[in-house]
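I opened the model today and kept notes as I went. The entries follow in the order of looking.

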Amino acid sequence: MFDAVRFIEEKRDGRAHGPEELQVFVESFHKGDIPDYQASSWLMAAFLRGLDKAELVAFTLALAKSGKVVEFPDGLDCVDKHSTGGVGDKTSLVLVPLVAACGVPVAKLSGRGLGFTGGTVDKLESIPGFNAHLSMKGFVDQVRRIGCAISGHSGDLAPAEKRFYELRDVTGTIPSIPLIASSILSKKLAGGSRSFVFDVKTGSGAFMKDLDGARALARQLVDLSKALGRKSLAVISGMEQPLGRWVGNAAEVREAIEVLRGSGPTDTTSLCVSLGGAMVFLAGRAACRGEGERACREALVSGKALEHFRLLLEAQGGSTACLESPEKELPLSTETTLVRSGMKGRLASFGTDRIGTALRYVGGGRQRKEDAIDPGVAVEILAKIGDEVSPGSPVLALYHRGGEAGETAARVLAESFTVAPQAAVPPLVHETVE
Ligand code: URA
């Protein structure tokens, strides 16, 4: 019989577990033989004491194998991308068709919004008819047929991870680099892809607020992928301000379509090209990242990436009319409130997480698990860091439904930026970890 008390005491005292006992621990917890209070106690011990490399590999594999694992046929080596979460981060919507248009199969598993960050599944669901929940067979068949698919995490994949995650969420054990890395990689392994590009965000709109924390997480993700026999690369990108011009579900789909048309904001386009280039390189379709980036730029200019987005919409039931008339198919709410600068100078910083929080207040994110999302609410970023502003210049526009929620959100937005005589423009990509 598995002795859960001894297991917790071992980690409490800083000893390393063997791979078999970690496997039995995960299985027993998953079956319900270990109660939440003992699993939580172990999580806190692991949070404080850490997990060494062998433990991390064994724990991640046990989580990944707790449910079904997607299997692609031989020769169909897919690539996946994972972002640690940001504000206005619509890169997945662009990258899936873009990288597929470069001849690399993409099997993208995505999540819903978490806290102040947005989620790809919520964004996709603002497209009329789009099915963001494919069966495992449907997922594999679609990648085989059109070279890409994008689906919400099914409850069948890494179910033990989901249960641990729920406990971590309420026991103060989320911000642990080994626990975050094993959580992310167990889901990626279960998703069946062979290589992963991690977009590790840092800054005021990310969970990792400082560069050192982002570096440590990026290194852990890359090292753990290697130990698990997968190729990977991590790009540390800046979340010191929202990405692009729009934050909000339908609005971000509209911006992604603009990028695919070659007329999107420079920062969103550049980050998509960097991440896409890394995905094409990792999949072996380019000799270096630069060559992968050139392939991505060509796919944007030639219209091939946009055509792949059309194929993706057709395959998953989404309205293709949104490509021709995005304003009609992806409407924004009509009530607008402008948030203006009170002084002259340059836009110096954003409290980017506050912008995500303001959007949540007006229904663009959830306050409770069961809340429905309002796809049409949005925040438009009218000035970026480094831009000159004067008293009365509009900085942000809130698209909302009126009422108290709109007023509260506007007050949060008014406190979400600073203006100063000088401003340093933060880099879009800080560094890459290979
Ligand atoms: N995202 C995940 O998938 N897991 C974590 O632990 C944190 C962020």
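**Entry 1: conventions and overall fold.** I took helices (H or I, at least four residues) and strands (E, at least two) as DSSP runs, numbered from the N terminus. On that basis I found 18 helices and 13 strands in the protein. This is a predicted model, so I kept to its limits: local features need pLDDT of at least 70, side-chain atom pairs count only at pLDDT 80 or more, and totals for chains, interfaces and linings use all residues. Residues are numbered from 1 along each chain as its sequence is written, and side-chain values use heavy atoms, with hydrogens and water left out.

I checked the overall dimensions next. The radius of gyration is taken over C-alpha atoms, and the globule rule is 2.2 Å times the number of residues to the power 0.38. For 434 residues a compact globule would come near 22 Å, and the protein agrees, with 22 Å. Along the principal axes, the C-alpha atoms fill a box of roughly 70 × 45 × 40 Å.

I then looked at burial. Buried means under 20% relative accessible area, exposed over 50%, partly exposed in between (1.4 Å probe, protein chains only). Buried residues account for 58% of the 434 residues.

**Entry 2: the ligand site.** Which residues surround the ligand? I counted a residue as near if one of its heavy atoms lies within 4 Å of the molecule. The shell consists of Tyr165, Arg168, Ile180, Ser183, Ile184 and Lys187. The largest share, four residues, comes from α9.

I sorted the shell by type.

Arg168 places a polar side-chain atom 2.9 Å from a ligand oxygen. Ser183 has a side-chain N or O atom 2.6 Å from a ligand nitrogen. For Lys187, a side-chain N or O atom is 2.6 Å from a ligand oxygen. Taken alone the ligand exposes 240 Å², and the protein buries 87% of that. Accessible areas come from the Shrake-Rupley method with a 1.4 Å probe; for residues, only the protein chains shown count as cover.

**Entry 3: cysteines.** How many disulfides are there? I required a pair of cysteine sulfur atoms within 2.5 Å. The count is zero. Cys102 is in no disulfide, and its nearest cysteine sulfur, that of Cys296, is 4.1 Å away. Cys102 is buried at 18% relative accessible area. Cys148 is in no disulfide either; the nearest cysteine sulfur belongs to Cys78, 10 Å away. Cys148 counts as buried, at 0%.

Entry 4: I found Ser83 in strand β1 (residues 79-83). Is Ser83 buried or exposed? Ser83 is buried, with a relative accessible area of 18%. Its side chain reaches the backbone nitrogen of Gly85 at 3.0 Å. A polar contact of 2.9 Å also links the side chains of Ser83 and Asp89.

Gly119 sits in the loop between β2 (106-110) and α6 (120-124). Gly119 is buried, at 4% relative accessible area. I noted its separation from Pro391: 272 residues in sequence and 35 Å in space, C-alpha to C-alpha.

Conventions. A polar contact is a pair of N or O atoms within 3.5 Å; within protein, one must be able to donate a hydrogen and the other to accept it, and residues adjacent in sequence count only if both atoms are side-chain atoms.
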